[in-house]
Every structure is written in structure tokens, then in C-alpha cells.
Amino acid sequence: MTEHVRLADRTLRVRLAAAEVAAAVRPGQFVMLRLPGTTDPLLGRPFALYDTVLDAGGTPVGIDVVYLVVGKMTGKLAEVAVGEALEVWGPLGKPFLDVGTPDHVRLVAGGIGQTPFLAYTRELLGTRGYGGDPPRKRTGKVSLYYGVRAASLAAGVDDFRTAGAEVHLASDDGSVGYRGFVTRLLQSHGPGGPLVGCGPEPMLKALTKLAAGWVVPCQVSLETPMACGFGACFSCVTKVRQPDGDWDYKRVCVDGPAFDAAKLVWE
Ligand SMILES: Cc1cc2nc3c(=O)[nH]c(=O)nc-3n(C[C@H](O)[C@H](O)[C@H](O)COP(=O)(O)OP(=O)(O)OC[C@H]3O[C@@H](n4cnc5c(N)ncnc54)[C@H](O)[C@@H]3O)c2cc1C
Ligand code: FES
């Protein structure tokens, strides 16, 4: 670990020297992080790529992960000091689905769901290449709609503005931006280009409904709890509609974490 900084209330950014992961990872993929030298917790935990870290020559040498302290692993992670080691394995999962080359892409985040969107903003705007590919511009404009409970939890807003995203904030208590659900804020702006969501399930359901009504493509990245992260344990399954209209279980860790929202079967 080469950096560990606070971005917001209970929210920290950890920088890891992990050149192999950094060279291969693409926006939408995730890594498993584990605290070495302890069996409590035994299992690693999944975290989205926040962004790659480049050296002066533009070579990827590390990754940033941003996390919210919610339980056992993240509580202990917050105590780890710069210079100490973490186990990191990845990249895992699939990158975001191809959105084509629309004029405008709207990213919709709730809670800690903004984390997969920083690298994605740079990829979409063509300012950074990932996975060994050169940068390629896919859209002229990226907007981030980001909903938090309160202003104190808004993490990394400046990072998104620096990356070129237009940021629209919403908060439950009105302490920053629009007062109310981020999906309501989005709705008030009317239909536009493709939507990409990440956050709590009720928010993703509302987003899916909005996208269906507007008839715009929508993909959502799921934060399903995971045990192994590479397809072996089936702890992360979600129901996905098949071409014949029936549904089947898909593993979020290998088939996702991003899915076409129209194909998900919400409980
Ligand atoms: C693909 C993917 C990417 C993720 N990216 C990030 C990220 O970038 N930053 C980040 O902070 N978190 C991210 N998460 C969620 C993160 O994995 C969990 O917050 C973490 O596992 C919690 O571990 P813990 O040991 O601290 O909590 P635990 O002690 O395991 O759990 C604490 C509490 O949180 C609940 N909980 C645990 N995991 C989840 C979850 N995924 N959804 C809802 N409730 C949960 C538990 O039920 C429990 O009530 C991601 C999850 C996935 C699947
Ligand atoms: S986490 Fe083990 S199969 Fe997905």
C-alpha cells in the first residue's frame, strides 16, 4: 500500500502497487482484497477499480480502490498503514458492456456506487487507455448523477470533475445538490443517451424502470456479496432472463458485475 487517504466520512482511497493488475484491468472489473496474516475475515472482499495509477511515462504501475467502512474487513482495512501489504487478486469479472458511440453517456450512482465510474469516465472520453489498449473516444459527454445520504458522504467528486464528467449531486437530506432520490433528479432532466447504474438495489430498480419508459439502453453493475470472486462457489448468483423468455441463475463475479438491466429479474 503506497497511499491511504480519507475522501469523505467513513470513505477512504487506498493505492496499491500492483503493476500486473493495473496493466490488465478494464473499467467495470473488480479485484478481491484480503488482509494478509489473519483468518478473520478469512475471505477476501470485492472492490471495483477506481482507477489505474500511471508512472511519469504513462505505464500503469498501480491501482486505486475507494471503499466505505461497513463491516469487518473494511473496518480492519481502515487501520492498515502505508507500507503494509494487502493481498490483491484480479482483474475479475467482465468490463462494462459496450455502449457504442453515443453523444452522451449518463452514469448513475448511489451510496458507494460511484467507484466503478472514474476509470469508465476516462475510458469513455478517450483520455486514458485500459488493458493495454490505446485511448479511444467513445462519447463527447459523460454526466455523473450521484446520490448520497448526506454531503459528508460524497466521495471523489473533484476526481470526477477533473476527469471531465459533469457532476449532478443529490442527497436524502438536501445538504448537497438536489434534495431527494438521484433517480428523481435524473428523471427531471428527461431522456438522453445510454444509462449505466451502480448502487443499492432499490435505486437500480428505479433506474431500470425509468430506462424502460424512456426506451434507452441501461446496464447496471451489481454489488452482490461474493465469497470466491472467480466462479467457483455460486454465492453471488442473480436471475437473468434468457433468450427463450425463461430465467436462469448467472454468477455476478464471472458473468457480471454489469448486466443489461432489461434482462435482470428483480425479486
Ligand atoms: C463487484 C463489486 C464491487 C464492489 N466495489 C466496492 C467499492 O468499490 N467500494 C466499496 O466500498 N464497496 C464495494 N463493494 C461492496 C464491498 O464488497 C462490501 O462493502 C464489502 O464486502 C464489505 O465487507 P466487510 O467485511 O467490511 O463487511 P461485512 O462484515 O462482510 O458486512 C457488513 C454488513 O454489510 C453488508 N454487506 C456486505 N457486503 C454487502 C454488499 N455487497 N451489499 C450490501 N450489503 C453488504 C452485510 O450484510 C453486513 O450487514 C463491491 C461489491 C461488489 C460485488
Ligand atoms: S463469488 Fe464465488 S461464484 Fe461468484
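Hi everyone, let me start with two helices: α5 and α6 are roughly parallel to each other. Keep in mind that this is a predicted model.

How do we get to that description? Two packed helices are described by the angle between their axes and the distance between the axes. Here, helix α5, residues 182-189, and helix α6, residues 201-214, pack at about 15 degrees, and their axes are 9 Å apart. Angles under 35 degrees count as roughly parallel, and that is why α5 and α6 get that label. The crossing of α5 past α6 is right-handed.

So who is touching whom? On the α5 side, the contact is made by Val 182, Thr 183, Leu 186 and Gln 187. On the α6 side, you will find Met 203, Ala 206, Leu 207 and Leu 210. If you sort the residues of this contact by class, six are nonpolar, two are polar and none is charged.

Let's walk off the end of α6. The loop between α6 and β13, which is 218-221, holds Val 215. Val 215 is not a glycine, and yet its phi is positive, about 55 degrees. Is Val 215 buried or exposed? It counts as exposed, because Val 215 has 7 C-beta neighbours inside 10 Å.

Phe 234 is another one to look up. Its phi is near 60 degrees, again a positive value in a residue other than glycine. You can find Phe 234 in the loop between β13 and β14, residues 237-241. Phe 234 has 11 other C-beta atoms within 10 Å, so it is exposed.

Now for some prolines. The peptide bond from Asp 40 to Pro 41 is cis, with omega near 5 degrees. Pro 41 sits in the loop between β3, at 30-34, and β4. Gly 256 and Pro 257 are also joined by a cis peptide bond, and there omega is about 10 degrees. Pro 257 belongs to the loop between α7, which is 252-255, and β16, which is 258-260.

Last stop, the ligand. Which residues come nearest to ligand 1? Of the 22 residues around it, the nearest are Arg 45, Gly 71, Met 73, Thr 74 and Thr 115. Three elements each supply at least two residues of this shell: β4 at 45-48, β6 at 60-68 and α2 at 72-77. And by class, the shell around ligand 1 has 14 nonpolar residues, five polar ones and three charged ones.

Methods. Residues are numbered from 1 along each chain as its sequence is written. Chains are lettered from A and ligands numbered from 1 in the order in which they are written. This is a predicted model: local features need pLDDT of at least 70, side-chain atom pairs count only at pLDDT 80 or more; totals for chains, interfaces and linings use all residues. A residue is near a molecule or strand if its C-beta atom, placed from the backbone, lies within 6 Å of it. Helices (H or I, at least four residues) and strands (E, at least two) are DSSP runs, numbered from the N terminus. Ala, Val, Leu, Ile, Met, Phe, Trp, Tyr, Cys and Pro count as nonpolar, Asp, Glu, Lys and Arg as charged, and the others, Gly among them, as polar. Axes are lines fitted to C-alpha atoms, for helices over the stretch in contact, and angles run from 0 to 180 degrees between N-to-C directions. Angles under 35 degrees count as roughly parallel, over 145 as roughly antiparallel, 65 to 115 as roughly perpendicular and the rest as oblique. A crossing is left-handed if the near helix is turned anticlockwise from the far one by less than a right angle, and right-handed if clockwise. Two residues are in contact if their C-beta atoms, placed from the backbone, lie within 7 Å. A residue is buried if 20 or more other C-beta atoms lie within 10 Å of its own, exposed if 12 or fewer, and partly exposed in between; C-beta atoms are placed from the backbone.
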